Amino acid sequence: MDIKRREVLKAGSGAGVLALAAAAGLMKPGEALAQEWNKAAFSTKSFADTVKALGGGGSTESRDIQITAPDIAENGAVVPISIESRLAKTQAIAIMIEKNPNTLSANFEIPAGTDPFVTTRVKMGETSNVYALVKADGKYYHAVKEIKVTIGGCGG
Amino acid sequence: MADAMRIRANIVGDKVEVRVLMSHEMETGQRKDARGDIVPAHFIQNVTVTHAGKTVLSAQWGPAISKNPFVHFRFKGGKPGEKVTISWVDNQGDKRTDEATISGG
Amino acid sequence: MAKAIWIGFVALAIALPCFARAQQDTQKEIERYRELLQDGNPSELFEARGAEHWKTKRGPKNASLERCDLGRGAGVVKGAYVQLPRYFADTDKVQDLESRLVSCMVALQGLSSEEAKRRPYSGPGQPSVMADLVAWIASESRGMRIAPPQSHPKERLAYQVGEKIFYYRAGPHDFACATCHGEDNKRIRLQDLPNLTNAGDAQRAFGTWPAYRVSQGEVRSMQWRLYDCFRQQRFPELEFTSDAAIALISFLAKQAEGGTFEAPAIKR
Amino acid sequence: MRLDVVAAAALCAAMLFGCATHASDAEAERAALAMMQTSFRAQGQAGLDRLDRDEVQALCSKHPNGLPRDLAEKLEKAQLATIRYPASGKLMGDWREGERIAQSGVGKQFNDDPSRPSGGNCYACHRLSPQELSFGTIGPSLYRFGEQRGTSDAIRRYAYGKIYNPEAFSACSNMPRFGHNGILTEEQITHLVALLLDPDSPVNK
């Protein structure tokens, strides 16, 4: 439990509040993880706002970020996506979908020793640009790819 | 209680390849049920993967991660027989922790 | 009219190369989408639950299903799916996996038939014992040859009747199974339609059900596949484990004979 | 020599046995009809009467590989007589409406709301507007349908009639009889005619 608490305390924005809450005994052990969720970032509705909410002043497009995903998704409920960064000191990889109700899908923290690579599956409401935002050595970089979402099946 | 995760952790070269499937609805809070009522949001918010007392991946998720989530990543330093532990916590406070033994390469 | 057709032909000949290329790109990307999905199949989560259900004591008799005979002897699950549907002497019926599981739940666990059939398919937040069992039992035939028996007259009759039902056109849309599944190389929207009268297609189709449907986030069985095909055919509701369903499955299984069973698969 | 005889005898026996234990086609047909009646339940707007087949459905079920020419001609002639053209005489509606109808696959399913209009689900089987990548191939491509044929009265009547009752032109066609079976209204069909024929429709761009 101690390890997890120390992580919470290290975890950037909101950590101060959490530390206070923990110190005041308001949080039971084990709840710390659930608290560490950047509500502001998951409420944004544009790429620029999400970068800000994640703590970046702005982001530069980079060819050292590779998005592997199909150009066309057969179904929007499950769109497989892999992101790999070749940027030195990659610390975090976030996935954003421009036309979803909220832009941010996920933010993965990549500690030293873990490859700057992650694969997951996201929901897409419609055809949209998908951004991979990488935090490397304290700066933000991104790549973008359009994924088309198709209507499928018998129609009803 | 939520179902157990399905975790695979295999040595490939000098790295451990981790693949995990989690049993979770990942409700967006926008879907309506058969009666037309909104189904409340219910989704995993935090995922933590640890190995030998060290975090090897941590993530924050929104409801746009697909139902029954899948994650694949890799890290250095694991040996066959050691454990990888994965935990998640969702927005309703449900949680689950499972572990898998790293298999040889 | 003849002139119109001729002009049409010329226009088509001009348009075709462009069109064909765009088509190929779309098909290629859809193929890529399907490949990328193969890495992790959430069906495993359902299979794990199914394996537990098999061993769990339920019903008035507080018994598990571990003595259920799926056709290869009491309790034998390995390879059972690929030899179904088949004739069972104790019920004097041809049964597919689900109808057989209902019989076992009634005989071994003391459930009523209605109770056994209460939730044949899962839904959001509502897992189904039946669907989980089907996922697991099917997974125990992975890699095996599809070999439904045809030695009993009732097995042969089920096949023949299934074929008739396959071609049964009715309803406001005039649809039969064959409307969508009777010709090679057709698709509905972007989804390839197996020609179930052709062995290769039938093997690929039958051999990949049950399947985790990413569009629904559930594992769907062959019974469900037929139920939902008939819904979209604009028929009334196909009853779970009904005779028509079993006959159609018998027909499809026989069409797929010799194919490799690779289910539960993952599909759109 | 002897082996051949034995083999032939065995084959005959096998065939006889096979014949004796196979149901005849008529028996299988009877069993199938009986089974259909007991295997479905009425649900939503789909009553069990939907299992009853009209003449076209019964004939086409019976001849999965196509009707003999004489039967086909007779059927087409009878179905042609069912086509009702709009009293207003207006056969071309709004292609934008037509595009929406072509995209929609709902209607007539037991879980559909019967008070809402049905779609035509044209893209399930046909290519139409080139912008829509997700189209089926059960029917022919209809891209440039109007550009190739013009908008003469004869072409309009053909397009309308074909959607209203395709059995009138091609016996046992896979295409639903949208007008004859009451899936689409006359007005909806005129919108689809516009989608096919209007020079401004994306189908003809």
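Is D:F169 buried, partly exposed or exposed? D:F169 counts as partly exposed, at 29% relative accessibility. (Buried means under 20% relative accessible area, exposed over 50%, partly exposed in between, with a 1.4 Å probe and protein chains only.)

1. Basis. This is a predicted model: local features need pLDDT of at least 70, side-chain atom pairs count only at pLDDT 80 or more, and totals for chains, interfaces and linings use all residues. Residues are numbered from 1 along each chain as its sequence is written, chains are lettered from A and ligands numbered from 1 in the order in which they are written, and side-chain values use heavy atoms, with hydrogens and water left out.

2. Aromatic pairs. (Rings of Phe, Tyr and Trp, the last by its six-membered ring, pair if their centres lie within 6.5 Å; planes under 30 degrees apart count as stacked, over 60 as edge-to-face and the rest as tilted.) One of them is C:Y81 with C:F206, tilted, at 6.5 Å centre to centre and 40° between planes. C:Y81 sits in the loop between α2 and β1 of chain C and C:F206 in helix α8, so the pair ties together parts 125 residues apart in sequence. (Helices, H or I of at least four residues, and strands, E of at least two, are DSSP runs numbered from the N terminus.) C:Y81 is buried at 7%, and C:F206 is buried at 3%.

3. The D:F169 partner. D:Y158 and D:F169 have ring centres 5.3 Å apart and planes at 80°, so the pair is edge-to-face. D:Y158 is in helix α7 of chain D, and D:F169 is in the loop between α7 and α8, 11 residues apart. D:Y158 is partly exposed, at 27%.

4. Disulfides. (A disulfide is a pair of cysteine sulfur atoms within 2.5 Å.) C:C68 is joined to C:C104, S to S 2.0 Å. The S-S torsion is about 75°, so this disulfide is right-handed. C:C68 is buried at 0%, and C:C104 is buried at 4%.

5. The chain D disulfide. D:C60 is joined to D:C172, S to S 2.0 Å. Here the torsion is about -90°, so the bond is left-handed. D:C60 lies in helix α3 and D:C172 in the loop between α7 and α8, so the pair ties together parts 112 residues apart in sequence.

6. A:C154 is in no disulfide; the nearest cysteine sulfur, that of C:C180, is 6.2 Å away. A:C154 is partly exposed, at 27%.
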